[in-house]
Amino acid sequence: QVQLVESGGGLVQAGGSLSLSCAASVRTFSRSVMGWFRQAPGKEREFVAAISWSGSSTSYADSVKGRFTISRDNAKNTVYLQMNNLEPEDTGVYYCAADTAVGRSRYWVPRSGFDYTLWGQGTQVTVSS
């Protein structure tokens with residue numbers, strides 16, 4: 001079954017860190033662009049970070065640049081999101097997403113949710129002030 005499973009969410013104080021993981025059971029994972037999105041209560045889902053299938057390109061939302069780092073381990077079919085210096089505004093459900101289309105540029109890092117075809121169920125991140 002093709003799926004994405006996030007883990008690592010939780011409750012943390014402002015200034016703290018969390019590391020999210022997304023395990024993918026996708027046959028073409030090593031050729032899939034991976035992204036993280038989040039949705040805060042009462043707000044629309046927003047882009048957080050993305051990494052190209054080659055790992056050579058990354059993209060970040062301005063609000064997390066310098067604090068979050070996306071990475072991937074193709075041998076483990078897993079993508080990570082290291083979140084440091086967390087702020088209460090980072091609170092929300094974090095979703096892992098995959099663009100499983102084969103043939104993308106090795107530098108392709110889309111920021112729109114419409115470019116992703118597979119989504120996980122999400123993991124809650126709560127940052128207290």
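Two strands pair if DSSP finds at least two bridges between them. Helices (H or I, at least four residues) and strands (E, at least two) are DSSP runs, numbered from the N terminus. This is a predicted model, in which local features need pLDDT of at least 70, side-chain atom pairs count only at pLDDT 80 or more, and totals for chains, interfaces and linings use all residues. Residues are numbered from 1 along each chain as its sequence is written, and side-chain values use heavy atoms, with hydrogens and water left out.

Four strands form an open sheet in the order 1-3-8-7. Their pairing is antiparallel. Strand 1 (4-7) and strand 7 (68-73) are the edges; each has a single partner strand, so one side of each lacks a neighbour in the sheet. On average, neighbouring strands are turned by 15 degrees against each other, direction ignored. Axes here are lines fitted to C-alpha atoms, for helices over the stretch in contact, and angles run from 0 to 180 degrees between N-to-C directions.

Strand 7 meets strand 8 (residues 78-83) through 6 bridges, and the two run antiparallel. Serine 71 has tyrosine 80 of strand 8 as its bridge partner.

**The disulfide**

A disulfide is a pair of cysteine sulfur atoms within 2.5 Å. The count is 1 disulfide. Cysteine 22 and cysteine 96 form it, with sulfur atoms 2.1 Å apart. Cysteine 22 sits in strand 3 (residues 18-24) and cysteine 96 in strand 9 (residues 92-99), so the pair ties together parts 74 residues apart in sequence. The link is left-handed, with -80 degrees about the S-S bond.

Buried means under 20% relative accessible area, exposed over 50%, partly exposed in between (1.4 Å probe, protein chains only).

| Residue | Relative accessible area | Class |
|---|---|---|
| Cysteine 22 | 0% | buried |
| Cysteine 96 | 0% | buried |
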